[in-house]
Amino acid sequence: MFSRLREDISCVFERDPAARSTWEVLTCYPGFHALTLHRVSHWLWSARLRWMARFLSHFTRWITGIEIHPGATIGRRVFIDHGMGVVIGETAVIEDECTLYHGVTLGGTSWNKGKRHPTLQRGVVIGAGAKVLGPIVLGPGAKVGSNAVVVRDVPAGATAVGIPARIVEDHHEIDREVKAGQMGFSAYAVTRNEDDPLAQAIHGLLNHAVETDRRIEALLKTMERSGVSLEDDVATADKFDPNYLSKIVD
């Protein structure tokens with residue numbers, strides 16, 4: 001029991017730079033409280049003391065804002081950051097090293113008995129507000145972007161974003177996620193490749209403007225090499241700054 005507590009405390013320090021002391025984690029982290037009490041309620045559930053298990057999980061929801069059904073199976077070193085609004089269903093399975101942010105739902109899509117909630121394999125990260133629904137499987141190291149709605153399996157190491165969620169296949173986006181992982185931790189599993197039509201339209205315009213600038217600059221250089229005299233305002237005109245607009249969009 002104490003070894004599990006030490007593991008839970010250490011994983012908070014690994015994944016939350018705001019954590020300052022062990023005492024702070026023990027007293028001020030609702031995700032830590034919810035997972036610790038869930039172990040007790042899950043033991044009661046397994047011992048067929050179902051009402052006591054449900055009552056303890058209800059009490060845990062009341063004091064933490066995190067609702068975990070006592071039947072859910074949760075592994076080691078799982079981290080729930082902030083936690084308010086997290087809902088984990090009865091047949092959900094969360095393996096070791098997973099991370100969930102606030103507002104995450106691991107829900108069912110059927111009223112039938114049996115397996116009806118997701119399985120999160122080792123190292124899965126679920127971004128804030130995401131909904132993972134049905135008896136689907138998220139492979140090891142998979143990531144789900146904030147506010148995504150996932151209703152299909154996600155392969156190992158893939159990133160799913162959007163409503164309904166799709167797998168990110170852009171190589172530049174994948175490289176960015178890999179680099180973020182190498183630097184430490186890709187918090188919130190956020191990607192720039194969200195399904196916001198306004199952001200996508202503006203990014204498309206930015207890409208077109210950059211390419212147009214490149215072509216104009218190439219034409220000006222060709223004209224200069226050919227001996228064509230250019231007016232000062234043409235030769236020294238300010239260049240388009242895509243980085244500034246990208247910051248506004250992001």
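**View 1. Secondary structure of the predicted model.** Eight helices and 15 strands make up the protein; helices (H or I, at least four residues) and strands (E, at least two) are DSSP runs, numbered from the N terminus. The model is predicted, so local features need pLDDT of at least 70 and side-chain atom pairs count only at pLDDT 80 or more, while totals for chains, interfaces and linings use all residues. Residues are numbered from 1 along each chain as its sequence is written, and side-chain values use heavy atoms, without hydrogens and water.

**View 2. The open sheet β2-β5-β8-β11****.** Four strands pair in parallel in this order; pairing requires at least two DSSP bridges between two strands. Strands β2 (73-74) and β11 (137-138) are at the edges with a single partner strand each, so one side of each has no neighbour in the sheet. β8 (residues 119-120) is joined to β11 by two bridges, and L120 stands opposite L138 in β11.

**View 3. Salt bridges around R77****.** R77 is buried, with a relative accessible area of 18%. Its side chain meets that of D96 in a salt bridge at 3.8 Å, N to O (a side-chain nitrogen of Lys or Arg within 4 Å of a carboxyl oxygen of Asp or Glu). This pair links R77, in the loop between β2 and β3 (79-80), to D96, 19 residues apart in the loop between β5 (93-94) and β6 (99-100). The side chains of R77 and E97 also meet in a salt bridge, at 2.4 Å, N to O; E97 is in the loop between β5 and β6, 20 residues apart from R77. E97 is partly exposed, at 23% relative accessibility. A network of salt bridges links E7, R15, R76, R77, D96, E97 and R122.

View 4. R214 is partly exposed at 48% relative accessible area, and E211 is partly exposed at 30%.

**View 5. A nonpolar surface patch****.** W43, L49, W51, M52, F55, F59, W62 and I63 form the patch, with about 990 Å² of accessible area together (Shrake-Rupley method, 1.4 Å probe; for residues, only the protein chains shown count as cover). Patch residues have over 30% relative accessible area and no salt bridge; like charges are joined within 9 Å, nonpolar side chains (Val, Leu, Ile, Met, Phe, Trp, Tyr) within 5 Å. Helix α4 (residues 50-64) gives the most, with six residues. W62 lies in this helix and is exposed, at 68% relative accessibility.

Note on methods. Buried means under 20% relative accessible area, exposed over 50%, partly exposed in between (1.4 Å probe, protein chains only).
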